[in-house]
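Notebook open, structure loaded. Here is what I looked up, entry by entry.

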Amino acid sequence: MSQFTAASETMADSTEPLRSPRRSGMLGRIRRREPSERLLFGAVYGTVLASSLAAALDQAPANPGYDALWVLISGLVAAFAHGYAHALAHHTVTGDKPLVHAARSVLTEWPLVAATLPTAGALLAAHLGWWNSSTAVNVVLVFNAVTLFGWGVWATRASGGSWPAAWKVGCVDMLLGLAIVVANTLIK
């Protein structure tokens with residue numbers, strides 16, 4: 001009984017968040033494969049980039065197929081540029097050859113490209129006639145703002161933050177998406 005009491009007091013006094021050594025499910029697999037900082041950076045950056053591009057490309061005459069292509073190309077180029085810059089800044093740290101290190105660094109930027117896919121998909125759906133270009137952009141801007149909220153909540157909880165802290169971070173992240181919505185409305 002005394003061992004249990006001592007262990008529970010130690011746990012209660014600890015300032016470190018309680019974490020299990022192994023996470024199960026999809027979150028655990030993602031965290032083991034990819035550092036969460038890079039995953040979060042790519043996802044948030046890609047979502048904001050895609051939203052900004054969708055809002056900027058939403059001009060008359062509407063060409064959502066062209067816009068979808070530009071969102072994807074921009075995501076790929078941004079991922080390549082960030083990965084390459086990261087490799088150049090850190091190439092002396094690893095024992096890899098510079099080209100191998102650069103290729104690995106660029107490939108780890110996949111979350112940035114993946115975050116542009118919902119926007120490109122919505123614009124492609126507009127190109128196929130499922131809805132008009134303006135509706136696609138509006139849907140994408142709202143979807144991406146909600147997605148940014150989700151990324152903030154997930155990142156905070158995954159790093160051991162409390163639910164209230166996660167909601168605060170999620171709301172701040174969502175403000176990035178809402179700023180694009182407001183700017184798009186004001187510019188039009």
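I checked Tyr-84 first: partly exposed, with a relative accessible area of 39%. Phe-80 is partly exposed too, at 48%. (Buried is under 20% relative accessible area, exposed over 50%, partly exposed in between, with a 1.4 Å probe and protein chains only.)

Note on the source: this is a predicted model, where local features need pLDDT of at least 70, side-chain atom pairs count only at pLDDT 80 or more, and totals for chains, interfaces and linings use all residues. Numbering runs from 1 along each chain as its sequence is written, and side-chain values use heavy atoms, leaving out hydrogens and water.

Next, I looked at the rings. Phe and Tyr rings, and the six-membered ring of Trp, pair if their centres lie within 6.5 Å; planes under 30 degrees apart count as stacked, over 60 as edge-to-face and the rest as tilted. By this rule I get five aromatic pairs. Phe-80 and Tyr-84 make a stacked one, 5.9 Å centre to centre with 5° between the planes. Both sit in helix 4, four residues apart, about one turn of the helix. (Helices are DSSP runs of H or I, at least four residues, numbered from the N terminus.)

Then helix 5 (residues 98-107): I found His-101, Ala-102 and Ser-105 buried. They cover an arc of only 100° around the axis, so they are on the same side of helix 5. (The arc is taken from the directions from the helix axis to the C-beta atoms.) Leu-99 and Leu-107, on the other side, are exposed. The cover over the buried residues includes helix 3 and helix 4, contact being heavy atoms within 4.5 Å.

Technical notes
Helices (H or I, at least four residues) and strands (E, at least two) are DSSP runs, numbered from the N terminus.
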